[in-house]
Amino acid sequence: MDQILELDRDLLLYLNNLGRPAWDSFWLMVTNKLTFIPLYILLFYLMCKNLSQKAILFLVLTLAAMVTFTDQVTNLFKFGFERLRPCAQEGVVEFIRQSECWGYGFFSGHSSNSMAAAIFTILMLKSPKTKFIYLMLPWSILVGYSRIYLGVHYPLDVLVGWSFGVLSGTLFYTLFKYLERRFVVV
């Protein structure tokens, strides 16, 4: 395990030090949760477009449950593992480009939430006419990388976050489809 954590640290140092001040504002924008509100509104509209009012209610409840679940499980892991963020880790913070931070970082909530949203959206909107929807995957990858660039997460934090996001997005899409079949007359 120590060897894996050392590789994780080395990869963080490499990736983080690729950054340049000219790019800092871009990555701060990518990591800001408010930046993508217009995208979320558009995707929500597209998901609701062909749903009944009852199905929209189930969609809202499912999405709220997914975000809450993903956030809370992330926090359970952070406080369960108590792995310091790189920008708060003595022996690492001195060597990285960083933003202000505190606390624990295993695993990345930004990565898990963005990947859960990406997977849920792809599953909801996939069709031969909506190939653009797969752009949600690179979007989630950008969000995850922003956390490494800013020095607030190790690469392993981000990878585990993405993996958990895939599971969460799939689980809650399955839940929504079950609720839709069970309670919404089509």
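**Figure 1. The buried residues of helix H1 in a predicted model**. Asp8, Leu12, Leu13, Leu15 and Asn16 are the buried residues of H1, where buried means under 20% relative accessible area, exposed over 50% and partly exposed in between (1.4 Å probe, protein chains only). These residues pack against helix H6 (136-149) and helix H7 (155-183); contact means heavy atoms within 4.5 Å. Helix H1 itself covers residues 2-16, 15 residues in total, and reaches 21 Å from its first C-alpha to its last, close to the 21 Å expected at 1.5 Å a residue. The expected span of a helix is 1.5 Å times one less than its number of residues. Helices (H or I, at least four residues) and strands (E, at least two) are DSSP runs, numbered from the N terminus. Residues are numbered from 1 along each chain as its sequence is written, and side-chain values use heavy atoms, with hydrogens and water left out. Because the model is predicted, local features need pLDDT of at least 70 and side-chain atom pairs count only at pLDDT 80 or more, whereas totals for chains, interfaces and linings use all residues.

**Figure 2. Ile96 in the loop between H4 and H5**. The loop that holds Ile96 lies between H4 and helix H5 (109-125). Ile96 is buried, with a relative accessible area of 9%. Leaving aside neighbours within four places in sequence, Ile96 is in contact with Leu12, Leu13, Asn16, Pro86, Cys87 and Gly151. Among the buried residues of H1 are Leu12, Leu13 and Asn16. Between the C-alpha atoms of Ile96 and Glu6, which are 90 residues apart along the chain, the separation is 15 Å.

**Figure 3. Thr62 in helix H4**. Helix H4 comprises residues 53-81 and includes Thr62. The relative accessible area of Thr62 is 1%, so this residue is buried. When residues up to four places away in sequence are not counted, Thr62 touches Phe120, Phe172, Phe176 and Leu179.

**Figure 4. The setting of the close-up views.** The secondary structure of the protein consists of seven helices and zero strands, and its elements run α-α-α-α-α-α-α from the N terminus on. Along its principal axes, the C-alpha trace spans about 60 × 35 × 25 Å. Of the 186 residues of the protein, 44% count as buried. Among contacts with a separation of 6 or more, 77% are accounted for by residues 24 or more positions apart.
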